[in-house]
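I opened a new notebook page for this protein. My plan is to look things up one at a time and write down what I find.

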Amino acid sequence: MVLQKSSELVRINARRTDVFDIFNFKHYLGPNPYLDVGALVFDFALIDSREPLPVEDYIASIGRHRYPNLGSQTYESHAHLFAEVVSEVGKLDMDLHLNHWSVKPYPNCTRISIQSLHERTTREVVYFVWDWFEAITQDEDFTFDEQLVRLQNKFRASVYGGPTVYALLRTAYEKGIPTFYLWEEGLMQYGLGKKHIRGVATTFNCDSHLDSEFTTRKDDCKAFLKTLGFPVPEGNIVFSEKEALAAAREIGYPVAVKPVVGHKGIGVTAEVQDSKELVSAYNRALAAIPENQLTRIIVEKSIFGSDFRLLCVNGRFVAATERRPASVVGDGHLTLAELIRQENRKPARLDTPTSPMSKIQIDDAMELYLQEQRLSLDSVIEKGRTVYLRKVANLSAGGISIDATQTVHDDNIILAQDIAQYFQLTCLGIDVITKSLAESWKSSNFAILEINAAPGILMHLKPSVGESVDVPSHILETFFESGADARIPIITFNKISVEELQTTIDHILLQHPNSTIGAVCRDAVFVNRSKKVLSKDYNSNVQTLLRHPKLDLLIAEYAEDILEEQGMFYQNSNIVVLDNPTETEMILVRDVFDSSTVVIRKGNSISIRRKGLIEDYTLGEDEPFTRVYLKETGAIL
């Protein structure tokens, strides 16, 4: 067994009692010398003056307490086990798609590389596992679950941690669609150059922002739907509590109350039965209105039935979900508060980007509804009795989702699609209330409650009950039939001068004069022959070019120092040209397609690989290398 020791007893980050040391952290956004994906890379060593437990003891403890699947494997060293455990913990019990890791031994340490999405979370996972290993060494207790929740919350708060964003990002990864976050714009980009789209969750730059804003004006949107002949409940807009009471008397109880501008069910109260309840409902709606908005509240007739979300993508119906309010079942011993705490501890309620249910939230609306049922959080519920905790099926407050996609009557599918045709939106959520979606809206108590731009998709992808509907694939396939459709051709060099870069651009433009070519080397950035501002951060230049909405082709240089310091920004090249490459620069050949062309010069020897075929020859005495690789660019566009 190999033991890598810290050199000369020097501790870098280790504490006095530690047997392990971890140092030299570096984060790569994309392919790098250690992994072909974004990674956190760090050095791992053993402290010379202290002895760790045998690897088998760590395996036994880890397998006994958390990951039994790791106990059946063998490991070459403590570093190999550490890397595997970091990779496993890094999934955060959310089944994150972070499966790649590597270990590379050096004389005084081992370099560990872990696939990473969010640097801060991955770094904290490494420290978390380090603390765990040290606790095992010292035979001390370790609060694993409590600290894991902290890590889950950190990831969830990141730009990648929203349920919809992560679902789309993971699906893009599986389909080979390049994806990266645009920090300055606060947007996710899918695809490269002229093939790309940008968006926030399920709203994209091709959507009509006027239509998106229109859906938030529930009064105008409701009037529009009524004009089209679609079923909407009778109601009025009010501007004061007095008007709300008058409107409710005119419409007739029960009524629903909600702010005109709002989302996620915030401030919505259904089935208001009398004037006392209406005052409370009005105040909840009032509190939900942003400070910069006028006081406008909808009072409308409550329709009895179940709450459903119909989802359309690109004008087509793709999914339906029934939403029920949060509930608990009594056991004859526990209070409601204790039942809620017990329910919230279930794995399905981890409240992560991949869990099917959120934790049940206790607030004034819940306690008021319990009072209406002559209950409180201190009430002991008889065995077998189901107590609903809210009137509104708000999933973010702990409601449950039940897949109903296969039950929807054809008339209701047509209705949803007809509505979607009037909105220039990629995704449209239609909230309706009815006894059953299996009955036609034309012959049942069916009402459209509201229209939602940027609808969440986790309820369809991970319903609490029923089959999953792969909504992220429906969304991304609106723009890309495959990963190849999300890409533009890329030529990668290990070294190229400004003059050679300009020659390459000119050569391609002669054949494709209407193309837009982005090119970058360490000394310059070009769009066609126009020189652009060169950023000190090399990969920022690459991102800027790939963000260009008209870019047909990218040419980029990745020399050894850039690869070591920053790694690559993108994955896979269509042509790779290597001029006397170093060992590190040979990784550029690793990230290619089966159909890619690889040109390698070593001295005067030339090797060209095209679609699995290899051609070798020797450069002529005065033959420039540019002549060799320019021939390969002819058919790239």
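Which strands does helix α7 lie across, and at what angle does α7 run to β12? I looked up helix α7 (residues 218–227) and found that α7 lies across β9, β10 and β12, at about 40° to β12.

**Ground rules**

I note that this is a predicted model, where local features need pLDDT of at least 70, side-chain atom pairs count only at pLDDT 80 or more, and totals for chains, interfaces and linings use all residues. Residues are numbered from 1 along each chain as its sequence is written, and side-chain values use heavy atoms, with hydrogens and water left out.

My helices (H or I, at least four residues) and strands (E, at least two) are DSSP runs, numbered from the N terminus. Axes are lines fitted to C-alpha atoms, for helices over the stretch in contact, and angles run from 0 to 180 degrees between N-to-C directions.

**Entry 1: the whole protein**

I counted 19 helices and 28 strands. The C-alpha atoms fill a box of roughly 95 × 70 × 40 Å along the principal axes. Of the 637 residues, 54% are buried. Buried means under 20% relative accessible area, exposed means over 50%, and partly exposed lies in between (1.4 Å probe, protein chains only). I then looked at contacts, meaning heavy atoms within 4.5 Å. Among contacts with a separation of 6 or more, 65% join residues 24 or more positions apart.

**Entry 2**

I traced an open sheet of four strands in the order β9-β12-β10-β11, with antiparallel pairing. Two strands pair if DSSP finds at least two bridges between them. The edge strands are β9 (235–238) and β11 (269–272), and each pairs on one side only. The twist averages 20° from one strand to the next.

Strand β10 (residues 255–259) and strand β12 (residues 297–301) pair over five bridges in the antiparallel sense. Val257 has Val299 in β12 as its bridge partner. Helix α9 (residues 275–288) also packs on the sheet and touches β9, β10, β11 and β12. The direction of α9 makes about 20° with that of β10.

**Entry 2: a hairpin**

How many bridges join β5 to β6? I found four, between strand β5 (residues 179–182) and strand β6 (residues 187–190), which run antiparallel. Leu182 stands opposite Leu187 in β6. The two strands, β5 and β6, form a hairpin with four residues between them. Gly186 in the turn has a positive phi of about 70°.

**Entry 3: two helix pairs**

Two packed helices are described by the angle between their axes and the distance between the axes.

Roughly perpendicular covers 65 to 115 degrees; under 35 is roughly parallel, over 145 roughly antiparallel, and the rest oblique. Ala167, Leu168, Thr171, Ala172 and Lys175 in α5 meet Pro472, Ser473, Ile475, Leu476 and Glu477 in α14. By class, this contact has six nonpolar, two polar and two charged residues. Ala, Val, Leu, Ile, Met, Phe, Trp, Tyr, Cys and Pro count as nonpolar, Asp, Glu, Lys and Arg as charged, and the others, Gly among them, as polar.

I looked up α1 (residues 55–65) and α3 next. They pack at about 110°, with axes 10 Å apart. That makes α1 roughly perpendicular to α3. Tyr58, Ser61 and Ile62 in α1 meet Trp132, Phe133, Ile136 and Thr137 in α3. The classes here are five nonpolar, two polar and no charged residues.

Is Thr122 buried or exposed? Thr122 lies in helix α3 (residues 119–137), and at a relative accessible area of 8% Thr122 is buried. Leaving out residues up to four places away in sequence, Thr122 touches Leu40, Ile114, Gln115, Ser116 and Leu117.

Gly30 sits in the loop between β1 (20–28) and β2 (39–46). Gly30 counts as buried, at 4% relative accessibility. The C-alpha atoms of Gly30 and Gly567 are separated by 6.2 Å, though 537 residues lie along the chain from one to the other. Beyond its neighbours within four places in sequence, Gly30 is in contact with Val37, Gly38 and Met568.

Asn574 belongs to strand β25 (residues 573–579). Asn574 is partly exposed, with a relative accessible area of 25%. Not counting residues up to four places away in sequence, Asn574 touches several residues, including Ile488, Phe593 and Ile636.
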